Amino acid sequence: METILLIAVIAAFLFWRIKPAKGVHTMTTAQLKTVLNDKDKVFVDVRTPAEYKARNVKQFKNIPLGSDFSKLPKDKEIVVICQSGMRSKQACNQLKKLGYERVTNVRGGMSAY
């Protein structure tokens with residue numbers, strides 16, 4: 001019985017960590033490749049400067065997680081990427097709290113790109 005309860009708790013935790021934040025859209029890396037030249041989107045990479053320098057997509061501006069996101073335009077969709085999708089999820093949550101309406105997280109991050 002304890003084993004089943006433990007498995008249920010672990011499954012619930014994993015689901016909670018993976019599910020997208022309320023009001024945040026997600027896209028795959030394949031979908032990302034089709035919109036990279038869209039001028040109505042702002043592309044933000046929230047990895048560290050060293051990670052960004054090692055490998056990046058030129059359309060993405062490096063603004064590490066924990067930076068001030070309030071200077072980003074609110075009239076454009078913000079597309080956020082990181083290494084795996086976890087930090088970008090946190091950044092998307094911060095953007096929503098700042099009042100950004102159109103926020104998209106790239107599922108899988110640079111690992112999937």
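Trainee: What should I know about the numbering and the model?
Mentor: Residues are numbered from 1 along each chain as its sequence is written, and side-chain values use heavy atoms, with hydrogens and water left out. The model is predicted: totals for chains, interfaces and linings use all residues, side-chain atom pairs count only at pLDDT 80 or more, and local features need a pLDDT of at least 70.

Trainee: In what order do the five strands of the open sheet stand?
Mentor: Strands (E, at least two residues) and helices (H or I, at least four) are DSSP runs, numbered from the N terminus. Two strands pair if DSSP finds at least two bridges between them. Here the pairing is parallel, and the order is β1-β5-β4-β2-β3.

Trainee: Which strands stand at the edges?
Mentor: In the order β1-β5-β4-β2-β3, look for strands with a single partner, because one side of each is then left without a neighbour in the sheet. The edge strands are β1 (24–27) and β3 (61–62).

Trainee: Which residue in β5 is the bridge partner of Ile 78?
Mentor: β4 and β5 (residues 103–106) run parallel and are joined by three bridges. In β5, the partner of Ile 78 is Val 103.

Trainee: How far apart are the end C-alpha atoms of helix α4?
Mentor: The expected span of a helix is 1.5 Å times one less than its number of residues. Helix α4 (residues 86–97) has 12 residues, so the span should be 16 Å. The model agrees with this, its end C-alpha atoms being 17 Å apart.

Trainee: Within what arc do the buried residues of α4 fall?
Mentor: Buried means under 20% relative accessible area, exposed over 50%, and partly exposed in between (1.4 Å probe, protein chains only). In α4, the buried residues are Ser 88, Lys 89, Ala 91, Cys 92 and Leu 95. They line one face of the helix, because, seen down its axis, they fall within an arc (taken from the directions from the helix axis to the C-beta atoms) of 160 degrees.

Trainee: Which residues are linked with Lys 41 in a network of salt bridges?
Mentor: A salt bridge is a side-chain nitrogen of Lys or Arg within 4 Å of a carboxyl oxygen of Asp or Glu. Lys 41 meets Asp 38 at 3.3 Å, N to O, and Glu 77 at 2.8 Å, N to O. The residues linked with Lys 41 are therefore Asp 38 and Glu 77.

Trainee: How many residues apart in sequence are the parts that Lys 41 and Glu 77 tie together?
Mentor: Both Lys 41 and Glu 77 are buried. Lys 41 lies in strand β2 (residues 41–45) and Glu 77 in strand β4 (residues 77–81), so the pair ties together parts whose separation in sequence is 36 residues.

Trainee: Is Lys 71 buried or exposed?
Mentor: Lys 71 forms a salt bridge with Asp 68, the closest N and O atoms being 3.5 Å apart. Asp 68 is partly exposed, with a relative accessible area of 47%. For Lys 71 the relative accessible area is 71%, so this residue is exposed.

Trainee: Over which ring does the charged end of Lys 74 sit?
Mentor: A charge sits over a ring if NZ of Lys or CZ of Arg is within 6 Å of the ring centre and within 35 degrees of the ring normal. Lys 33 lies over the face of Tyr 113, at 4.9 Å from the ring centre. The charged end of Lys 74 is 5.1 Å from the centre of its ring, that of Tyr 100.
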